[in-house]
Amino acid sequence: MKKLQLPVFIAVLALLVLTIPGARGDTTLAVTNSGWYDHQIIQYKATAEVTSSPQAANLIAKGNIVYHIVDANGNTPAVQCVPLLAAFPQDATSCNVNRIPTDSGTTNQYNGGAWNLQVFHWESGVTPSLLNKDDDITAAVNAGLGTLEITSTLVRCPVIDFSSLR
């Protein structure tokens, strides 16, 4: 009986070590972040991973998007962040605009809180304004106010208190 207990103990110990944050040398932890969804301020847990697997690429192909906004110098415009920082000064924020799982469309189904990071670049000479809905970004691109960069970064951002959005 004692011969059986040692392998079981080692297996349980290994599982515990592999599930404890930081135990595998990975010290990246999800942080509470604030951003925008359909003109509303939301909070979510933010983490990022670069697509390096077919599974990650498949999630990106589903059409869920998070937009990061930058000015012509590559900085996030203050107008994008001020309301978020006022509402949640304790949160980290990238001032992003999220297209989250309840959006309509056959290619935008909820897939575990995974979105493709896309970057909206304001054109030089254009004064940035607040973009707080994905439709605002599409309209700005169509009006020639900026361009959209599609990245290979998959962002996992589970929304906190999703029920408050409806």
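Is C95 buried or exposed? With a relative accessibility of 1%, C95 counts as buried; the word buried stands for under 20% relative accessible area, exposed for over 50%, and partly exposed for what lies in between (1.4 Å probe, protein chains only). The views below come from a predicted model, in which local features need pLDDT of at least 70, side-chain atom pairs count only at pLDDT 80 or more, and totals for chains, interfaces and linings use all residues. Residues are numbered from 1 along each chain as its sequence is written, and side-chain values use heavy atoms, with hydrogens and water left out.

**Figure 1. The protein chain has four helices and seven strands.** Helices (H or I, at least four residues) and strands (E, at least two) are DSSP runs, numbered from the N terminus. Along the sequence their pattern is α-β-β-α-β-α-β-β-α-β-β. The protein chain holds 166 residues, and 34% of them are buried. A contact is a pair of heavy atoms within 4.5 Å. Among contacts between residues at least 6 apart in sequence, 74% join residues at least 24 apart.

**Figure 2. A disulfide links C81 and C95.** A disulfide is a covalent bond between the sulfur atoms of two cysteines; here the term is applied to a pair of cysteine sulfur atoms within 2.5 Å. A search of the whole structure finds one such link. The sulfur atoms of C81 and C95 are 1.8 Å apart, and the link is right-handed, with 120° about the S-S bond. C81 has a relative accessibility of 12% and counts as buried. C95 has a positive phi of about 65°, although it is not a glycine.

**Figure 3. H39 sits in the loop between β1 (31-37) and β2 (40-50).** The phi of H39 is near 65°, a positive value in a residue other than glycine. H39 is partly exposed, with a relative accessible area of 47%.

**Figure 4. Helix α4 (residues 134-142) has D134, I137 and A140 buried.** Viewed down the axis of α4, the buried residues fall within an arc of 120°, so they line one face of the helix. The arc is that of the directions from the helix axis to the C-beta atoms. An α-helix has 3.6 residues a turn, so residues three or four places apart point the same way. The buried residues of α4 pack against β3 (65-70), β4, β5 (114-122) and β6 (146-156). Just after α4, G144 takes a positive phi of about 80°.

**Figure 5. L131 lies in the loop between β5 and α4.** L131 is buried, with a relative accessible area of 4%. Leaving aside neighbours within four places in sequence, L131 is in contact with W36, I69, Q80, V97, F120, W122, D136 and I137. From C-alpha to C-alpha, L131 and Y67 are 9.8 Å apart in space, and they are 64 residues apart in sequence.

**Figure 6. The largest nonpolar core has 13 residues.** A nonpolar core is a set of buried Ala, Val, Leu, Ile, Met, Phe, Trp, Tyr and Cys residues joined through side-chain atoms within 4.5 Å. The members that touch the most others are Y67, I69, V97, F120, W122, L131 and I137. Two or more residues come from each of β3, α3, β4, β5 and α4, and β3 gives the largest share, three residues. With neighbours within four places in sequence left aside, I137 is in contact with Y67, I69, V97, F120, L131 and L148. A second, separate core has nine residues, among them A46, V66, W115 and C157.

**Figure 7. N116 is found in strand β5.** N116 has a relative accessibility of 4% and counts as buried. Its side chain makes a polar contact with the side chain of Q118 (3.1 Å). A polar contact is a pair of N or O atoms within 3.5 Å; within protein, one must be able to donate a hydrogen and the other to accept it, and residues adjacent in sequence count only if both atoms are side-chain atoms. A polar atom of the N116 side chain also lies 3.5 Å from the backbone oxygen of T153.
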